[in-house]
Structures are given as structure tokens and as C-alpha cells.
Amino acid sequence: MRHVVLFGDSIFDNRAYVGAGGSDVVAHLRGLAPSDLRATLRAVDGSLVEAVAGQLAGAPPEATHFVVSAGGNDALMNAD
């Protein structure tokens with residue numbers, strides 16, 4: 001079985017930003033993926049790039065694919 005794990009920030013952990021009745025990223029992935037693919041969310045809204053290492057450390061051992069999206073919060077903190 002394939003197992004995709006999403007790491008990073010609110011690009012993936014976007015449940016707080018989805019309207020009532022909407023689907024967050026991991027729910028969309030699970031809905032679109034073939035039945036032999038599992039999806040796990042390890043990303044955390046508000047995370048900085050440095051937090052990704054800790055997220056990776058908690059990766060399920062059976063994971064076959066890692067997807068990382070991080071850096072948006074770092075950029076926002078340095079937008080001035």
C-alpha cells in the first residue's frame with residue numbers, strides 16, 4: 001500500500017480556513033486517491049521551516065511518499 005504524508009504549514013493543514021461543508025487538503029487527497037493509497041497529515045498550521053524536521057521525525061514508518069510545503073510563514077515574518 002502506498003502512503004503519502006503531508007508536512008509543512010497551513011498550505012496542507014488548512015482545515016481552519018475551509019468553509020462549512022468544505023474539504024481540507026488531506027480530505028481532498030483521500031477522496032481523489034485510489035483505494036490503495038493512504039494519506040496522513042503531519043503539517044501544522046503556522047509552522048516555520050525549522051518545525052518540519054520535528055514533523056518528519058514523527059513520520060509513520062510505512063510512509064512511501066513525503067510531500068513538503070513550508071516557508072510561507074517564514075516569508076510573512078520577513079515581509080518588511
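**Figure 1. The largest nonpolar core of the predicted model.** Six residues make up this core: Val4, Leu6, Phe12, Val26, Ala39 and Ala43. In soluble globular proteins, nonpolar side chains tend to be buried together.

Figure 2. With residues up to four places away in sequence left aside, Leu6 touches Phe12, Val25, Val26, Leu29, Thr40, Leu41, Arg42, Ala43 and Val67.

**Figure 3. Asp24 and its polar contacts.** Asp24 lies in the loop that runs between strand S1 (2–8) and helix H1 (25–32). The residue counts as buried because its relative accessibility is 5%, where the limit for buried is under 20%. The Asp24 side chain makes a polar contact with the side chain of Arg15 at 2.8 Å. The side chain of Asp24 also reaches the backbone nitrogen of Ala27, at 3.0 Å.

**Figure 4. A nonpolar patch on the surface.** The patch is formed by Leu56, Phe66 and Val68, which together have about 260 Å² of accessible area. Val68 belongs to strand S3, residues 65–69. Val68 has 49% relative accessibility and therefore counts as partly exposed, since exposed requires over 50%.

Key: Residues numbered from 1 in each chain as written. Predicted model: local features only at pLDDT ≥ 70, side-chain atom pairs only at ≥ 80, totals over all residues. Heavy atoms only, no water. Helix = DSSP H or I, 4+ residues; strand = E, 2+ residues; numbered from the N terminus. Buried < 20%, exposed > 50% of the residue type's maximum accessible area, 1.4 Å probe, protein only. Polar contact = N/O pair within 3.5 Å; in protein donor to acceptor, adjacent residues only side chain to side chain. Core = buried A, V, L, I, M, F, W, Y, C linked by side-chain atoms within 4.5 Å. Contact = heavy atoms within 4.5 Å. Patch = residues over 30% accessible without salt bridge, like charges linked within 9 Å, V, L, I, M, F, W, Y side chains within 5 Å. Areas by Shrake-Rupley, 256 points an atom, 1.4 Å probe, with all protein chains shown as cover. Salt bridge = Lys/Arg side-chain N within 4 Å of Asp/Glu carboxyl O.
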